Amino acid sequence: MKTSDVITVFDTHAHLDSAEFDVDRGVVFSRLSGVHKVDGKLVSVSGVVLPGTDLRSSRSCVEFASLLTEFYAAVGIHPNSNVDSIDVDWRKLCELAERDDVVAIGETGLDRYRNITPMETQVDLFCRHIDLSIRLGKPILIHCRDAWDDVLPILRRSKGLTGVIHSFNGTREQAMEVIDLGFYVSFAAQVTYRNEKFTGLHEVAKIIPAERLLIETDSPYLVPHPFRGQLKRNEPSYVVMVAIRLAELRQESVEYIAKITTQNAKRLIKIM
Ligand SMILES: [Zn+2]
C-alpha cells in the first residue's frame, strides 16, 4: 500500500460521546488511528471535532480529546438539550471553554423542527455561546434547523463572530449570506442522498468557495449513501463518502476535496 493511495480526511462534527457508542467506544477509538477501507477507498482520519451537547457531554468531549491526538473538543449546549439550571450549567461550561485544549464553542444554534426547548430559551443560550466565542476567540459550531429566519438576523449583528454552519441544509441564498458573513459551510451525508428533496442542496454544494468548505459525519447520525439502511450508525471514517460526493458534484478530485477541507478545518480551529 502506497501512502499516496490513502485519502486523509478531517471530520468536523462527530458525537462520539453519544450513547450509540457506549457498547464499543474503545473499539471505535482504536480503529480511528489506522487506515480503513470505505467503499473500496483507503481512508485515514487525521482529525475529529467532538461537539458537546450539554455540560456532561462537553466534559466527555474534553476527556476524549486527552485520549487521542486526532480528537479536538468543543463545548456547548445543544438547542434541544434539557438543562436543569441554565445559569449554573452555563457558568461551569464557561470555565471548561477557557481550557487550552478546547478548540471551539458548540454545538449551539436554533431548532424549530424539534422545538423541545422554548425558542426564547434557545435564543438566550445561542446568544451566550456567541458572546463566549467572541470573547475567547474560539470558533462557533452552529446548528440551524428550520430556523434560518431566526439565526440570520442574530449572525448579522454578531460582529467578530466566526465559525461553521454544521450539517448545512439551507438554500443558495442562505449559503451565500453566511459565506459573506465569514462562516464556513460544513456538509454531512445529505449531499450524498439521491432523493429529490436534496437536489437544491446538491446545487449549493457546487457554489461554496473551496476555502470555506468543510465535511462532517454528525456521527452517529446521517449514515451516507450507499450505506444508509445497512449501517445502524455513522463513524468518522465515513466522512470520505461526503468528500467523494462533493468531488463528483464539483468536478474535482476526491484527493483535492479531502486536502482542502482538512486545511480549512485546521485553519478554523487554529491548529495549522
Ligand atoms: Zn451535532
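The lining of the largest cavity splits by class into three nonpolar, two polar and two charged residues (Ala, Val, Leu, Ile, Met, Phe, Trp, Tyr, Cys and Pro count as nonpolar, Asp, Glu, Lys and Arg as charged, and the others, Gly among them, as polar). The model is a predicted one, in which local features need pLDDT of at least 70 and side-chain atom pairs count only at pLDDT 80 or more, while totals for chains, interfaces and linings use all residues. Numbering runs from 1 along each chain as its sequence is written, and side-chain values use heavy atoms, with hydrogens and water left out.

Val28, Arg31, Leu32, His36, Glu235, Pro236 and Ser237 line that cavity, and helix α1 (residues 25-32) supplies the largest share, three residues. Helices (H or I, at least four residues) and strands (E, at least two) are DSSP runs, numbered from the N terminus. The volume comes to about 30 Å³, and the structure holds one cavity of 30 Å³ or more. On a 1 Å grid over the protein atoms alone, a cavity is a set of points where a 1.4 Å probe fits but cannot get out, whereas a pocket is an open set with protein on both sides within 12 Å along at least five of seven lines; lining residues have an atom within 4 Å of a point. Points are joined across faces, edges and corners, and a volume is the space filled by probe spheres set on them.

Two or more lining residues come from each of α2 (55-65) and β6 (140-145), and α2 gives the most, with four. By class, this lining has eight nonpolar, 14 polar and 12 charged residues.
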